[in-house]
Amino acid sequence: MSFYKITMERVIVSMQDPDMGMKMRNQRLLITVIPHAMTGRDIVDWLIQKYTITEEEALHIGNFLVKYGYIYPLKEPRNLCLKQDETPYRFQTPYYWTSTRWPASELDYAIYLAKKNIRKQGELIEYEKECYNALHKRINHTWDFVVMQAREQLRASKQRRKADRIVLECQEQAYWLINRPPPGVMDILEQGPDRRNVANTRVQLVSGQMLAIFVKYCEQYQDHDPIMQGCLPSNPWITDDIMYWNMNSETVTMPTKLRVERWSFSFMELLNDPLGRKELLTYLEKEFSAENLCFWQACEEVRHGEASKIAAKVDEVYKQFLAPGASRWVNIDSKTMEKTLEGIKHPHRFVLDDAQMHIYFLMKKDSYPRYLKSELYKNLLAKAIVPQETKKSVFPFMRRQRHSSPSPALVTQTAEDNGKAKPSAAKANAGTASQI
Amino acid sequence: NFCVIFITFEGFLSRAGEANFPLAKMAAQEVQPSETIAKLKSESEALKTKLEEERAKLHDVELHQVAEKVDPLGQFVMKTRRTLKGHGNKVLCMDWCKDKRRIVSSSQDGKVIVWDAFTTNKEHAVTMPCTWVMACAYAPSGCAVACGGLDNKCSVYPLSLDKNENLAAKKKSVAMHTNYLSACSFTNSDMQILTSSGDGTCALWDVESGQLLQSFHGHAADVLCLDLAPSETGNTFVSGGCDKKANVWDMRSGQCIQSFETHESDINSVRYYPSGDAFASGSDDATCRLYDLRADREVAIYSKESIIFGASSVDFSLSGRLLFGGYNDYTINVWDVLKGTRVSILFGHENRVSTLRVSPDGTAFCSGSWDHTLRVRE
């Protein structure tokens, strides 16, 4: 889950490449000159150039580099963000990378706060004071050690040049801003609930074949993809006009041309559309083979229905479709029929699978191609609607009213209630939306 | 060298024996008890030749090479059309209703909300007895939702329109795992639910009785995601996990029939290509990949050196030409599936994008984020 440390460090290493990396220079901080620094503008420009991205994206990425502590600002150190101007920044030393020293230790934090406290009275800000006091209580037994370490580190740093001292202080401060963020600042290290992870193993990949089918599929469906090509009369999410959904609903009397066309793409497309299924049934009735589709549908209900109803449903299917002399007898090959009849004695969810598959492929290879060539289909395709594009509103800034639709839960409940002839408890109105 | 060749060919032949390998399937179907020995012999010779030919083809082209002649895509302008505000904490998961406009979303604070995304009205709200509700799903009928997370369960709530009715009272506890629930999905009906869990397994449940119908073992670590195949026979699904593997399962037998291991870190999201011939994955290794099921291998990688953070959630546009990826750096990258290039980058969210789904009719897609909001974009 911390893979981002690997990818981010790749970027940081690229940035510090001696040939292709960033050009660093001395930056003046008040009266001190800090070496190996760069400006925010330099960082953004380098990212744009190296990764061929826009300024917006470069700034977005640059901000993460700062927020995750791989680059820190020399001015306004508490404000961990990337400014696209002359503001100076520096690369964080790998010693303080979140991948190297994680999790941050309480002891180290105590020493850091103690140093700040000793160095300058009142340098600790409010939340730091609270942390300091809390730590003092919690690890009181080692407090002498903490103070001693703090004093020692301060003494050692006083012997450094001012520029180095400033750099070291900034580095340390940046590290702690990330690992102990002040209240109100987003904790960038939050990862969500713990996951168990497994050790790294790499597998070599090899390219594949038969890839032309993807090109073909995308081409075939391109005109049907609303996000890519738009849709007629208009996309409801853009114009607030729900015509598109009304014209393509399950119960529409005359479907759109695109919809009818799509039935010819595959047998599954025809079956997945309730209207398509209805049309197919009409066609099969003319051919006296409607029982095939009905049988297929009944098998689906067994496969996806409640476990408790399986036995009863299988029995129904047997009586209607498989029993000798059944009213809607389906023509399955003798071997499959034998196997199925045997299996029915101990009915389970998948007992009709073989028979269902046989009938499915029968319809797919035989009835379906003939349906597509039939007058029934061709007439429907000819009569199918091509919607007019929604005219742009005269007042483009006036938003259409967004109408509610009846909840699917209501539709079924009403049907249930009607069946039971009981007054519906729900009084949800199609025109109003319930507010919570 | 001889040994290596032998093993490779052996391995290849044994793979050919698997039911999903097309030539083997063909062979299994053709053989009838009534055929003569001679005819079988010649068929077997023909099969051997074909195997050699196919094997030679295996080191062929990659998807973007096949797609070289395809017209490149133009500029895409996708704007946020709706912003859904109401969750009090990180949004972790969302799912569309089949009516193409309603959605269900779940969040870290235990709230599950059903919205009419078109009007942005909230229609139902449930408070779960646990935090981090990482999974939610809409029932195909539109009459119920399923959800779960750190409670290790998947529960189904029928959606009642009676404002006075407490939805929590009618709750049905369906799935029980021994670690967090990471994903759930209804199968073709309201009656069965497929779940994946931090306990390393997936499972299929009967909603009515809560009975475990089938369990799927094979991942070596937490399973994070799953997706059902849109195939004709509707019998398989794919799962992705912290073991960097994407596994394809047979729902009937519980067997893992294919396994893919090319990612370098956790797989957060898997989604089938609309035809069912492939699936895409999004991972913490900052890449998305496409795996071809018939070729049994990875055929495309969607990545850029400047993309540092993991992809949390992926989905295809209706035609399969575009792949939308929600990332942990708050952005959504839109990929040209065929050419492997990035078409667009979308900003807007102010924290991680944790979930992303294209609507059932492909008119828009919705993203949910740790910034507490959901956005519908076209």
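Colleague: Which cysteine sulfur is closest to the sulfur of Cys366(B), and how far away is that sulfur?
Modeller: This is a predicted model, in which local features need pLDDT of at least 70 and side-chain atom pairs count only at pLDDT 80 or more, while totals for chains, interfaces and linings use all residues. Residues are numbered from 1 along each chain as its sequence is written, chains are lettered from A and ligands numbered from 1 in the order written, and side-chain values use heavy atoms, without hydrogens and water. A disulfide is a pair of cysteine sulfur atoms within 2.5 Å. The closest cysteine sulfur to that of Cys366(B) is too far for a bond, being in Cys136(B) at 10 Å.

Colleague: Is Cys288(B) buried or exposed?
Modeller: Buried means under 20% relative accessible area, exposed over 50%, and partly exposed in between, using a 1.4 Å probe and protein chains only. The relative accessible area of Cys288(B) is 0%, so this cysteine is buried.

Colleague: How many disulfides are there over all chains?
Modeller: For Cys288(B), the closest cysteine sulfur is in Cys225(B), 12 Å away and too far for a bond. Over all chains, the number of disulfides is zero.

Colleague: What is the area buried between chain A and chain B?
Modeller: Buried area is the accessible area (1.4 Å probe) that two parts lose on being put together, summed over both. Carbon and sulfur atoms give 59% of the area between chain A and chain B, which is about 9,400 Å².

Colleague: How many salt bridges are there between chain A and chain B?
Modeller: A salt bridge needs a side-chain nitrogen of Lys or Arg within 4 Å of a carboxyl oxygen of Asp or Glu. One of them joins Glu57(A) to Arg342(B), with the closest N and O atoms 2.5 Å apart. Between the two chains, the count of salt bridges is seven.

Colleague: Which helix gives the largest share of the side of chain A that touches chain B?
Modeller: Helices are DSSP runs of H or I with at least four residues, numbered from the N terminus. The largest share of that side of chain A is eight residues, and they come from residues 212–221, helix H8.

Colleague: Which residues is Glu172(A) in contact with, leaving aside its neighbours within four places in sequence?
Modeller: Glu172(A) lies in helix H7 of chain A, residues 162–179, and counts as buried because its relative accessibility is 14%. Contact means heavy atoms within 4.5 Å. With neighbours within four places in sequence left aside, the residues in contact with Glu172(A) are Tyr96(A), Tyr112(A) and Lys115(A).

How values were computed. Helices (H or I, at least four residues) and strands (E, at least two) are DSSP runs, numbered from the N terminus.
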